[in-house]
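Subject: Structure handover

Hello,

Here is the structure we talked about. Please open it first, then read my notes below.

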Amino acid sequence: MQISVIIPTYKPQDYLWQCLDALQQQTLPLDTWEVLLVLNGPKEPYWSAIQEYINTLHNNNICLLYTDKSGVSNARNLGLDNATGEYITFIDDDDYVSPSFLEELLSQATPQIVSLCNVKAFSEQQEHIPNYFEDAYIAHAGQGLQPFYHARTFFSSACLKLIHRDIIGHRRFNTNYKNGEDSIFMFLISDRLTQVRFTSPNAIYFRRVRANSASTRVKKMVQIQYCLRLIKEYTSIYWHGHYVTRFYITRILGALRTIVSK
């Protein structure tokens, strides 16, 4: 198995079918990758609905997992524990990807090189939304192989990339965080990151921006508290390992900018 696609889902809505349908359109041969769909929280009626969807597939490569403990970090960790692929990629259940997404990411990745893709954000009304991931892609995609911290914007998210399982190792998402968990995880594994390479513009991760998502409904004081906790966590990780100082500083500055902007 070359790739494990890990998708956490909590009380999924219709957008989950769009996510899974897009994966069924991948140009990479179906028998070379797997989907670990991790339902967390309430089980029914969601489990039955997903099973019904799976039963409609002629070639099923979806492994459905369940945990009654809710939380995206817990779900992703369960996916990592059960993944058999050489490479790992994360997709959120309300997002979807272009047909060449997996094939192009795989073509650019090695055990030492993390591959990154193009990113497009859209609203519930299917309107394009400019975003900093897309800006970063435009700025860096044409520069070939480059140090990972040059594309540091992409490491605030666990998605948008293909990572060799040896880079992740036994490290897992911190379940104590409900915001910022992606950035913490990516910083945690950054001691094994060296270089990145981008796909063509055709390999696209489509990000759905929802007004009531966890990242957009946190109030001002709570957000500031989260940022201060992030700074503490980054610092703890940094002093207990061998991390790139330049990357650590950018994480701290990013959290401070968020506080100031609030």
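Which side chain does Asp 93 join through a polar contact of 2.7 Å? The partner is Thr 9. A polar contact here is a pair of N or O atoms within 3.5 Å; within protein, one must be able to donate a hydrogen and the other to accept it, and residues adjacent in sequence count only if both atoms are side-chain atoms.

Two notes on the source. This is a predicted model, in which local features need pLDDT of at least 70 and side-chain atom pairs count only at pLDDT 80 or more, while totals for chains, interfaces and linings use all residues. Residues are numbered from 1 along each chain as its sequence is written, and side-chain values use heavy atoms, with hydrogens and water left out.

**Around Asp 93**

Asp 93 sits in the loop between β4 and β5. Helices (H or I, at least four residues) and strands (E, at least two) are DSSP runs, numbered from the N terminus. Asp 93 is buried, at 8% relative accessibility. Buried means under 20% relative accessible area, exposed over 50%, and partly exposed in between (1.4 Å probe, protein chains only). Leave aside its neighbours within four places in sequence, and Asp 93 is in contact with Ile 7, Pro 8, Thr 9, Tyr 10, Pro 12, Tyr 15, Leu 16 and Cys 19. Contact means heavy atoms within 4.5 Å.

**Salt bridges**

Side chains of opposite charge can pair when their charged atoms come close. The structure holds six salt bridges. The cut-off: a side-chain nitrogen of Lys or Arg within 4 Å of a carboxyl oxygen of Asp or Glu. Three of these pairs follow.

Start with Arg 76 and Asp 92. Their closest N and O atoms are 3.0 Å apart. Arg 76 is buried, with a relative accessible area of 2%. Asp 92 is partly exposed, at 23%.

Next, Glu 134 and Lys 120. The closest N and O atoms of this salt bridge are 2.8 Å apart. Glu 134 belongs to helix α5 (residues 132–140) and Lys 120 to strand β7 (residues 118–122), so the pair links parts that are 14 residues apart in sequence. Glu 134 counts as buried at 8% relative accessibility. Lys 120 is partly exposed, at 26%.

Then Arg 208 and Glu 124. Their side chains meet in a salt bridge at 3.8 Å, N to O. Arg 208 is in strand β12 (residues 204–208) and Glu 124 in the loop between β7 and β8 (128–129), so the pair ties together parts that are 84 residues apart in sequence. Arg 208 is buried, with a relative accessible area of 11%. Glu 124 is partly exposed, at 42%. There is also a network: salt bridges that share partners join Arg 76, Asp 92 and Asp 182.

**The sheet**

An open sheet of four strands runs in the order β5-β12-β7-β8, with mixed pairing. β5 and β8 are the edge strands, each pairing on one side only. Two strands pair if DSSP finds at least two bridges between them. β5 and β12 pair in the antiparallel sense over two bridges. Val 97 has Tyr 205 in β12 as its bridge partner. β7 and β12 pair in the parallel sense over five bridges. There, Ala 121 has Arg 207 in β12 as its bridge partner. β12 is mostly covered, with four of its five residues buried.

**Helix α9**

Thr 245 is found in helix α9 (residues 245–261). Thr 245 is partly exposed, with a relative accessible area of 37%. Its side chain joins that of Tyr 238 in a polar contact of 2.6 Å.

Leu 256 also lies in helix α9. Leu 256 counts as partly exposed, at 39% relative accessibility. Ile 249, Leu 253 and Leu 256 form a nonpolar patch on the surface, with about 240 Å² of accessible area together. Patches are made of residues with over 30% relative accessible area and no salt bridge; like charges are joined within 9 Å, and nonpolar side chains (Val, Leu, Ile, Met, Phe, Trp, Tyr) within 5 Å. Accessible areas come from the Shrake-Rupley method with a 1.4 Å probe; for residues, only the protein chains shown count as cover.

Best wishes
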